[in-house]
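Please read the following report alongside the sequence and the model.

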Amino acid sequence: MQGFLVEALISAVLILVVCAVTDPSRMDVGNAAPVAIGLAITTSHIFAIPFTSSSMNPARALGPAVMTGGWDNHWIYWIAPLVGAAIAGLVYRFVFSASKDDEHSYDL
């Protein structure tokens, strides 16, 4: 359960950051999208490596599993990112998204 929650959390953080910096309604981001996404990935990996080796991407978990034959709890690396991303997408859309009428939106 801990691995599932960690993988879902880091995937959700990544999706929230990507949604926030690519939202066409936001005018306050400028050219910061690559830096923000890179920092989100870096901090998520630093946080999650001790717990789950920080997959964050089902394809990234597939290669090592194929090469080592380690398929124990492999479903976590496929299901948790999908669940985390879906929840983050909904949270961003209904909680954090900037309205098109708000010219100077500052989302959290």
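## Fold and helix packing

The secondary structure of the chain comprises four helices and zero strands, where helices (H or I, at least four residues) and strands (E, at least two) are DSSP runs numbered from the N terminus. Along the sequence the pattern reads α-α-α-α. This is a predicted model, in which local features need pLDDT of at least 70 and side-chain atom pairs count only at pLDDT 80 or more, whereas totals for chains, interfaces and linings use all residues. Residues are numbered from 1 along each chain as its sequence is written, and side-chain values use heavy atoms, with hydrogens and water left out.

Of the 108 residues of the chain, 33% count as buried; buried means under 20% relative accessible area, exposed means over 50%, and partly exposed lies in between (1.4 Å probe, protein chains only). Among the contacts in the chain with a separation of 6 or more, 59% are accounted for by residues 24 or more positions apart, a contact being heavy atoms within 4.5 Å.

Two packed helices are described by the angle between their axes and the distance between the axes. The axes are lines fitted to C-alpha atoms, for helices over the stretch in contact, and the angles run from 0 to 180 degrees between N-to-C directions.

| Helix pair | Angle between axes | Distance between axes |
|---|---|---|
| H1 and H2 | roughly 175° | within 9 Å |
| H1 and H4 | about 40° | 7 Å |
| H3 and H4 | about 175° | 9 Å |

The classes used for these angles are roughly parallel under 35 degrees, roughly antiparallel over 145, roughly perpendicular from 65 to 115, and oblique for the rest.

The axes of H1 and H2 cross at roughly 175°, and the two helices are therefore roughly antiparallel to each other. Their contact involves, among others, Val13 and Val17 of H1 and Ala40, Phe47 and Phe51 of H2. The residues of this contact of H1 with H2 divide into 16 nonpolar, four polar and one charged; here Ala, Val, Leu, Ile, Met, Phe, Trp, Tyr, Cys and Pro count as nonpolar, Asp, Glu, Lys and Arg as charged, and the others, Gly among them, as polar.

Helix H1 (residues 2-22) also packs with helix H4 (residues 76-96), at an angle of about 40°, and H1 and H4 are therefore oblique to each other. The residues of the contact of H1 with H4 divide into 18 nonpolar, four polar and one charged.

Helix H3 (residues 58-68) packs with H4 at about 175°, so that H3 and H4 are roughly antiparallel to each other. The contact is made by Pro58, Ala61 and Leu62 of H3 together with Tyr77, Trp78 and Pro81 of H4, and its residues divide into six nonpolar, no polar and no charged.

Ala40 has its place in helix H2 and, at 6% relative accessibility, counts as buried. Although Ala40 and Val13 are 27 residues apart in sequence, they are 7.0 Å apart in space, C-alpha to C-alpha. Leaving aside residues up to four places away in sequence, Ala40 touches Val17 and Met56.

Met56 belongs to the loop between H2 and H3 and is buried, with a relative accessible area of 11%. Met56 has a positive phi of about 65° although it is not a glycine. Ser53, which lies in the loop between H2 and H3, likewise has a positive phi, near 70°, in a residue other than glycine; Ser53 is partly exposed, with a relative accessible area of 47%.

The structure holds two aromatic pairs, where rings of Phe, Tyr and Trp (its six-membered ring) pair if their centres lie within 6.5 Å, and planes under 30 degrees apart count as stacked, over 60 as edge-to-face and the rest as tilted. One of them is the tilted pair of Phe47 and Phe51, with 5.5 Å centre to centre and 50° between the planes. Because Phe47 and Phe51 are four residues apart in helix H2 (residues 33-52), they are separated by about one helical turn. Phe47 is partly exposed at 40% relative accessibility, and Phe51 is partly exposed at 44%.

In the loop between H1 and H2 lies Ala32, which counts as partly exposed at 33% relative accessibility. The C-alpha atoms of Ala32 and Val21 are separated by 7.5 Å, the two residues being eleven apart along the chain.
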